[in-house]
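These are my notebook entries on a structure that I had not looked at before. I begin with the whole chain and then turn to single places in it.

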Amino acid sequence: MGNLTKTFVNKTDANIPLDIAPVGGRIGAEIRGVNLGEELGDDTIKAIRAALVRHKVIFFREQHALDNASQEAFAGRLGKIIAHPTVPVATGSTALLELDSTEGYAASSWHTDVTFVDAYPEASILRAINVPEAGGDTLWANCATAYQELPDPLRALVDELWAVHTNLYDYATVVGTGNERLSQYKNVFASTIYETEHPVVRVHPESGERVLLLGHFIKNFVGFNQTDSARLLNILQDHVTRPENTVRWRWQVGDVAIWDNRATQHRAIADFGDQRRTLRRATIEGDVPVGIDGRRSRIIKKERPAFAEQAA
């Protein structure tokens, strides 16, 4: 059964162990014996948050009692729940984002959520509603261990490096669908164009770890042209996404995954053809990243593009 960590939390009147079973060697753990649809005690919530910071992504099986309202209620216990800055909320919810393959949402490229804004999300809570019979797994990568294992000269470079992140990029490489669907997706996702400067290495506000802040929203590194930026990004992303640095989750209906968006990247695997894959995501408000030198991220552009005006 592998290693099993037991953290005692006060769920009712007695101390009940919270079973935490690591899934990957460097990232990911399954938490057993917790019903997220119940009214959980403060100590349980505190233990879940501690497990999240430690393991970067945590999984809960068989959360069939959760619906939109209870998913939002649980997310609200972890922090302030917010909506996506450009994509409309799911029908029947106040802040959930629906990721449905029938609508073309299959972000099959490594990214950290919404890094095109300054205070990008702290965490996400993803619930599986429809899953393919085969395929459609999700991968997560540990951005703290990726930084720790960089060669010294490369680490010295990224310690002082900044990058521009934007939500206006090549959607075909991410969504991988027809031209009309790509246009619709772009019109929604980039209905307001953001560009934000982030440090490539941010200091995690809870763990104090140094983590790489990269992913597919990067437009260029400050001081580098597009060609050199692309080459350098590929080198750094290869360190983030090494198999030893990742965990892969095979979804079942009712599963919930929660990830620390400040310390991870993730990607959906688009290998399920025309099978339906539907998940709903609650998002927790984050803070503005701080680099090693103490400087904070900043938005440098926010505008409504011409194509969005034409589509309105």
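Entry 1, the whole chain. I looked up the secondary structure and found eight helices and 18 strands in the chain, where helices (H or I, at least four residues) and strands (E, at least two) are DSSP runs numbered from the N terminus. The model is predicted, so I note that local features need pLDDT of at least 70 and side-chain atom pairs count only at pLDDT 80 or more, while totals for chains, interfaces and linings use all residues. Residues are numbered from 1 along each chain as its sequence is written, and side-chain values use heavy atoms, with hydrogens and water left out.

I then looked up burial: of the 312 residues, 53% count as buried (under 20% relative accessible area, with exposed over 50% and partly exposed in between, for a 1.4 Å probe and protein chains only). Among contacts (heavy atoms within 4.5 Å) between residues at least 6 apart in sequence, 80% join residues at least 24 apart.

I found Ile299 in strand E18, which covers residues 298-303, and its relative accessible area of 34% makes the residue partly exposed. Leaving aside residues up to four places away in sequence, I see Ile299 touching Asp118, Tyr194, Glu195 and Thr196. Ile299 and Thr196 are 103 residues apart in sequence, yet their C-alpha atoms are 4.2 Å apart in space.

I looked up helix H4 (residues 152-159) and helix H7 (residues 226-240), whose axes come within 13 Å and cross at roughly 115°; the axes are lines fitted to C-alpha atoms over the stretch in contact, and angles run from 0 to 180 degrees between N-to-C directions. That makes H4 roughly perpendicular to H7, a term for angles of 65 to 115 degrees. On the H4 side the contact is made by Leu154, Leu157 and Val158, and on the H7 side by Leu232, Ile235, Leu236 and His239.

Which residues other than glycine did I find with a positive phi? Glu62 has a phi near 55°, and Val114 has one of about 60°. Glu62 is in the loop between strand E4 (57-60) and helix H2 (68-78), and is exposed, with a relative accessible area of 60%. Val114 lies in the loop between strand E6 (97-100) and strand E7 (123-130), but is buried, with a relative accessible area of 6%.

Methods: Angles under 35 degrees count as roughly parallel, over 145 as roughly antiparallel, 65 to 115 as roughly perpendicular and the rest as oblique.
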